[in-house]
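Open the model in your viewer and keep the selection panel at hand.

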Amino acid sequence: MGLAVAFWILAAIIVAAALGVIFLKNVFRAALSLVVCLVAIAGIFVTLSADFLAVVQILVYVGAISVVIILAIMLTREFTRGSPFNRLKIPAFIITAVFFGFVAYAVLGTKWQISTAAPQTPTTHALGELLFGPNGFILPLEIAAVLILAVIIGAIVIARDR
Amino acid sequence: MTIGLEHYLILAGILFSIGLFGSFTKRNAIVILISIELMLNGVNVALVAFSRFITPEILTGQIFALFVMVVAAAEVAVGLAIIISIYRNRETIDTRNIDLMKW
């Protein structure tokens, strides 16, 4: 029961904040609305008993990505022009509505094989075993490390003042 | 009414659709990047919901969500570097004015 109440409150916050990201006139306020949305998504992860992911969501998204986005908004000074729409508003809305209709139809029409097993808590140890243990995800982890290195070098090269 | 997998998947679909609409229609390049973040978070919600309700004994969905986060962080870093570089060269990040590769 408490889980249901938490889900509905968090879902309402997420949808409202996501709409705020799109429809707020001020770019900076849109970025702050994104922060609210990300924190509420961390709450959704908690209701799904994914405690480690909730903490990572707060650390990476709320802590790092939103700060970088706000820094970029500050550096570009584009916020004086606001956050306008282009001319594709109506066709884009139609395409998005059709897409969401397909997704909702597929989700509600599928017979999901719901497992009744209790979720693992805490998940940190199990995730570490999966990432680093035998038959785990060690190769994707190393590829992710190489990707991060490439991104660091690429970002420095692209944004460097020539 | 108990909360099931469908609720989370519909929420993920709503989040993805809002992000899709934003990335189609906004003119500020940074807001387009923010919309892409919304889409990635919608995918993460769906992955963790599958992991919780279909296979709760193995955590593969959460691992996938972790890798999505890694790629999202990488994408933001490179994307914002490109946007700042464009702003330095053209004094604007309005996508109507970034038409160098348009014919």
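How many helices and how many strands does chain B have? Select chain B in this predicted model and colour by secondary structure: there are three helices and zero strands. Followed along the sequence, the pattern reads α-α-α. The radius of gyration of chain B is 17 Å, well over the 13 Å that the globule rule gives for 103 residues, so chain B is more spread out than a compact globule. Of the 103 residues in chain B, 51% are buried. Among the contacts in chain B between residues at least 6 apart in sequence, 49% join residues at least 24 apart.

**The interface**

Now show chain A as well. Contacts between the chains involve 59 residues of chain B and 72 residues of chain A. On the chain B side, the elements that give two or more residues are helix H1 (5-25), helix H2 (29-53) and helix H3 (60-90). Select H3 of chain B to see the largest share of that side, 19 residues. Colouring the chain B side by residue type divides it into 41 nonpolar, eleven polar and seven charged residues.

**The core**

Which residues touch the most other members of the largest nonpolar core? Select A:Ile14, A:Cys37, B:Leu15, B:Ile30, B:Ile34, B:Val45 and B:Ala49; these are the ones, out of 65 residues in that core. At least two core residues come from each of helix H1 (2-23), H2 and helix H3 (51-76) of chain A, and from each of H1, H2 and H3 of chain B. H2 of chain B supplies the largest share, 13 residues. In soluble globular proteins, nonpolar side chains tend to be buried together.

Centre the view on A:Ile14. Setting aside residues up to four places away in sequence, A:Ile14 touches A:Cys37, A:Ala40 and A:Ile41 in chain A, and B:Leu11 and B:Leu15 in chain B.

Next, pick B:Leu47, in helix H2 of chain B. Is B:Leu47 buried or exposed? B:Leu47 has 22 C-beta neighbours inside 10 Å, and a residue with 20 or more is taken as buried, so B:Leu47 counts as buried. Beyond its neighbours within four places in sequence, B:Leu47 is in contact with B:Gly61, B:Phe64 and B:Ala65. Draw a distance from the C-alpha of B:Leu47 to that of B:Leu9: the two are 38 residues apart in sequence and 9.0 Å apart in space.

**Chain A: domains and a helix**

The domain assignment of chain A gives domain 1 (1-102) and domain 2 (122-162). The C-alpha centres of these two domains lie 24 Å apart.

Select residues 27-47 of chain A, which form helix H2. At 1.5 Å a residue, its 21 residues should span 30 Å; the end C-alpha atoms are 31 Å apart, which agrees.

**Residues with positive phi**

Most residues other than glycine have a negative phi. The last stops are exceptions.

Just after H2 of chain A, A:Ser49 takes a positive phi of about 50 degrees. A:Ser49 lies in the loop between H2 and H3 of chain A. With 19 other C-beta atoms within 10 Å, A:Ser49 is partly exposed. Bring chain B back to see the contacts of A:Ser49 outside its four-place sequence neighbourhood: A:Pro119, A:Thr121 and B:Arg52. The C-alpha atoms of A:Ser49 and A:Thr123 are separated by 8.2 Å, although these residues are 74 residues apart along the chain.

Move to A:Asn135, in the loop between helix H5 (124-132) and helix H6 (138-159) of chain A. A:Asn135 is not a glycine, yet its phi is positive, about 60 degrees. With 6 C-beta neighbours inside 10 Å, A:Asn135 counts as exposed.

Where is B:Glu91 found? Look in the segment after H3 of chain B. The phi of B:Glu91 is near 65 degrees, again a positive value in a residue other than glycine. B:Glu91 counts as exposed, with 11 C-beta neighbours inside 10 Å.

Notes: Residues are numbered from 1 along each chain as its sequence is written. Chains are lettered from A and ligands numbered from 1 in the order in which they are written. This is a predicted model: local features need pLDDT of at least 70, side-chain atom pairs count only at pLDDT 80 or more; totals for chains, interfaces and linings use all residues. Two residues are in contact if their C-beta atoms, placed from the backbone, lie within 7 Å. Helices (H or I, at least four residues) and strands (E, at least two) are DSSP runs, numbered from the N terminus. Ala, Val, Leu, Ile, Met, Phe, Trp, Tyr, Cys and Pro count as nonpolar, Asp, Glu, Lys and Arg as charged, and the others, Gly among them, as polar. Domain bounds come from an automatic or database domain assignment. The expected span of a helix is 1.5 Å times one less than its number of residues. A nonpolar core is a set of buried Ala, Val, Leu, Ile, Met, Phe, Trp, Tyr and Cys residues joined through C-beta atoms within 7 Å. A residue is buried if 20 or more other C-beta atoms lie within 10 Å of its own, exposed if 12 or fewer, and partly exposed in between; C-beta atoms are placed from the backbone. The radius of gyration is taken over C-alpha atoms; the globule rule is 2.2 Å times the number of residues to the power 0.38.
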